[in-house]
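Here is a brief report on one protein chain and its ligand. Have the sequence and the structure open as you read.

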Amino acid sequence: MAHVYIEDIGKHEGEEVTIKGWLHNRRSSGKIHFLILRDGSGFIQAVMSKAAVGEEAFKSADHLSQETSIIVTGTARADTRAPSGYEIDVKSFEVVGESHDFPITPKEHGVDYLLDRRHLWIRSERQQAILRIRHEIINAVRDFFNGRGFILADTPIFTPAACEGTTTLFPAQYFEDQTAYLTQSGQLYNEANAMALGRVYCFGPTFRAEKSKTRRHLTEFWMVEPEVAYANLDDVMELAEDLVVSVVGRVLDKRRRELTIIERDVTKLEAVKKPFPRMSYDDAVKKLQAKGLPIEWGGDFGGPDETALSEEFDRPVMVHRYPAAVKAFYMKPDPDRPELALGVDVLAPEGYGEIIGGGERLADLDLLLQRIKEHNLPQEAFEWYLDLRRYGTVPHGGFGMGIERVVSWICKLEHVRETIPYPRMLYRLYP
Ligand code: 4AD
Ligand code: MG
C-alpha cells in the first residue's frame with residue numbers, strides 16, 4: 001500500500017493509503033474508534049468500525065493509548081468537517097511501539113514540568129506549529145540573501161577573543177594550554193569575508209554567558225548576520241527593513257495553517273510593511289522620559305524601554321545613533337557628533353523589543369586601535385582584524401538578527417524558550 005504523508009492526503013482521495021505515525025488521541029463508542037493520528041506532517045482522524053476490521057482487531061484497539069506508534073491502512077475520504085478536510089476509513093492497522101502513561105496529556109501542565117520533558121513536549125500540535133514556523137523563517141532568511149547575491153561564508157564557533165564584550169563569554173578548554181571562547185557573533189570574521197566576497201552572511205549558533213533571566217534571552221541562539229562592503233548606516237537599515245518584511249510575508253504566505261493553530265492575530269503581521277519608522281536615540285530618550293520611564297541620556301535601553309518604544313508603532317521601529325559609550329568597540333562614530341555611534345537596533349512591535357542590532361563599522365585603523373585600548377581588549381588577538389584596515393579598508397556595515405527573537409514575535413509567544421527545540425538558559429541544560 002502507498003505510504004502517504006498526512007499533508008499530501010488530498011492527492012489520494014478515494015484511494016487506499018497507509019499512514020505511518022503515532023496515536024495522538026482516541027475516542028471510542030461501542031462500535032467505532034475515532035483515532036487522531038499524527039505523522040509529523042499533520043493530524044488526521046481515522047475511523048475504525050467493528051464491521052470493517054473485525055471483532056478481534058476492534059477489541060485490541062481498545063487499549064491503544066496516547067503516542068503509541070502505529071501504521072494504519074484505509075481509504076482516504078473527503079470530509080468537510082475534518083480539520084484536514086479528510087478522514088481515513090480504517091481497514092487494518094499494526095502497532096509498532098507501545099506507549100503507556102505518556103507524561104504530557106491534554107490537561108494543563110506547568111512550564112517547568114514541560115521543559116523537563118521538552119523532548120516529548122515538541123510532539124504537541126502547538127509546539128510542532130511553532131517549529132514549522134521557525135523552519136519557514138530560516139528558509140525565508142536564506143532565500144532572501146541568496147536571492148540578492150550574498151554568499152554564505154561560515155564563521156568559526158571556537159574563537160580566541162570576544163566580539164560583543166568580555167563579560168558574557170563561555171570558555172572552553174582548547175587542548176592543553178589554550179582557552180577558546182564560544183562565539184558571541186560571527187561579525188568580525190564576516191567583515192573579513194565581506195572584504196573578500198563583497199556581500200556575505202553567516203548563519204549559525206551564537207553563545208552568550210548572560211546571567212539574565214528574561215523572556216528574551218537564551219545562552220545559545222541562532223543569529224543570521226549579513227555584512228556588506230561599501231555599505232553605510234542607511235544601507236544597513238534598508239537591508240534590515242527589507243529582510244524583516246520579506247520574512248513576515250513568507251510566513252503569512254506559507255504558514256497560515258500553523259498561525260491558525262497557535263491562534264496568532266495575523267492582521268498584526270499584515271501591517272508589517274515598508275517603510276519602518278526611523279527614530280534617533282535622542283528622540284527615543286525624550287519619548288521614554290515623556291512616558292515617565294526613568295531613562296537618562298547616555299544610558300542603554302532595557303527591556304521595559306524597548307517595549308515602551310515598540311508599542312507606539314504597528315510595525316518595527318529602527319532606533320539609530322546610540323551613545324558610543326554603550327555600544328561595541330567596532331562601531332563607527334558619527335562624524336557630526338562623535339559621541340554617537342552609527343548603530344541601529346530594530347525593535348519589533350507588540351512589545352517584543354530588539355530583534356536586530358547592527359550598523360556601520362569603524363574602518364579607520366588609528367581610531368580602531370584607540371577603541372581596542374579603551375575597551376581593554378588584547379591588541380594581539382585583533383591583529384588580523386586590524387589588517388582589514390591596513391589593506392584596502394572601505395566603509396562597510398551589517399547586522400545580526402536573532403532567529404528566536406523573531407520567532408517569538410511572529411508567533412507572539414510569552415518567552416523565547418518555545419522558539420527552539422532545546423532551549424539553553426541560565427538554569428536549563430537538560431534535556
Ligand atoms: O545586538 P547584538 O548583540 O549584535 C551583535 O552581536 C552584532 N555583532 C551583530 C552584527 O552586527 N553582525 O545581537 C544581535 C541580535 C539581537 O538583536 C537579538 O535579536 C539577538 O541577536 N540576541 C539574542 N537572542 C536571544 N538570546 C540572547 N541572549 C541574545 N542576544 C542577542
Ligand atoms: Mg544589541
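## Basis of the model

This is a predicted model, in which local features need pLDDT of at least 70, side-chain atom pairs count only at pLDDT 80 or more, and totals for chains, interfaces and linings use all residues. Residues are numbered from 1 along each chain as its sequence is written, chains are lettered from A and ligands numbered from 1 in the order in which they are written, and side-chain values use heavy atoms, with hydrogens and water left out.

## The chain as a whole

The chain has 14 helices and 17 strands. Both are DSSP runs numbered from the N terminus: helices are H or I with at least four residues, strands are E with at least two. Along the principal axes, the C-alpha atoms fill a box of roughly 85 × 55 × 40 Å.

Of the 431 residues, 52% count as buried. Buried means under 20% relative accessible area, exposed means over 50%, and partly exposed lies in between (1.4 Å probe, protein chains only). Contact means heavy atoms within 4.5 Å. Among contacts between residues at least 6 apart in sequence, 66% join residues at least 24 apart.

## Around ligand 1

Ligand 1 is surrounded by 23 residues. The closest are Glu164, Gln187, Glu225, Glu354 and Ile355. A residue counts here if one of its heavy atoms lies within 4 Å of the molecule.

Which atoms make polar contacts? The term covers a pair of N or O atoms within 3.5 Å; within protein, one must be able to donate a hydrogen and the other to accept it, and residues adjacent in sequence count only if both atoms are side-chain atoms. A polar side-chain atom of Glu164 sits 2.6 Å from a nitrogen atom of the ligand. Glu354 places a polar side-chain atom 2.6 Å from a ligand oxygen atom. Arg216 uses its backbone: a polar atom there is 3.4 Å from a nitrogen atom of ligand 1.

## Helix α6

Gln187 also belongs to the buried residues of helix α6 (residues 187–197). Gly198 follows α6, with a positive phi near 85°.

## Two helix pairs

Two packed helices are described by the angle between their axes and the distance between the axes. Axes are lines fitted to C-alpha atoms, for helices over the stretch in contact, and angles run from 0 to 180 degrees between N-to-C directions. Angles under 35 degrees count as roughly parallel, over 145 as roughly antiparallel, 65 to 115 as roughly perpendicular and the rest as oblique.

Helices α12 (residues 365–374) and α13 (residues 383–390) pack at about 155°, with axes 9 Å apart. That makes α12 roughly antiparallel to α13. Leu365, Leu368, Leu369 and Ile372 of α12 meet Tyr385, Leu386, Arg389 and Arg390 of α13. By class, this contact has six nonpolar, no polar and two charged residues. Ala, Val, Leu, Ile, Met, Phe, Trp, Tyr, Cys and Pro count as nonpolar, Asp, Glu, Lys and Arg as charged, and the others, Gly among them, as polar.

Helices α10 (residues 281–290) and α11 (residues 303–310) cross at roughly 95°, and their axes come within 10 Å. That makes α10 roughly perpendicular to α11. Ala284, Lys287 and Leu288 of α10 meet Asp305, Ala308 and Leu309 of α11. Four residues of this contact are nonpolar, none polar and two charged.

Glu258 is in helix α8 (residues 256–261). Its relative accessibility is 2%, so Glu258 counts as buried. Beyond four places in sequence, Glu258 touches Ala129, Arg132 and Ile133.

Asp334 lies in the loop between β14 (317–323) and β15 (340–348). Asp334 is buried, at 8% relative accessible area. A polar atom of its side chain is 3.0 Å from the backbone nitrogen of Asp336. Setting aside neighbours within four places, Asp334 contacts Arg321, Leu340 and Leu342.

Pro160 is in the loop between β8 (158–159) and β9. Pro160 is partly exposed, at 49%. Pro160 and Ala381 are 221 residues apart in sequence, but 7.0 Å apart in space, C-alpha to C-alpha.

Gln173 is in strand β9 (residues 171–174). At 61% relative accessibility, Gln173 counts as exposed. Its side chain reaches the backbone oxygen of Phe175 at 2.8 Å and that of Glu176 at 3.1 Å.
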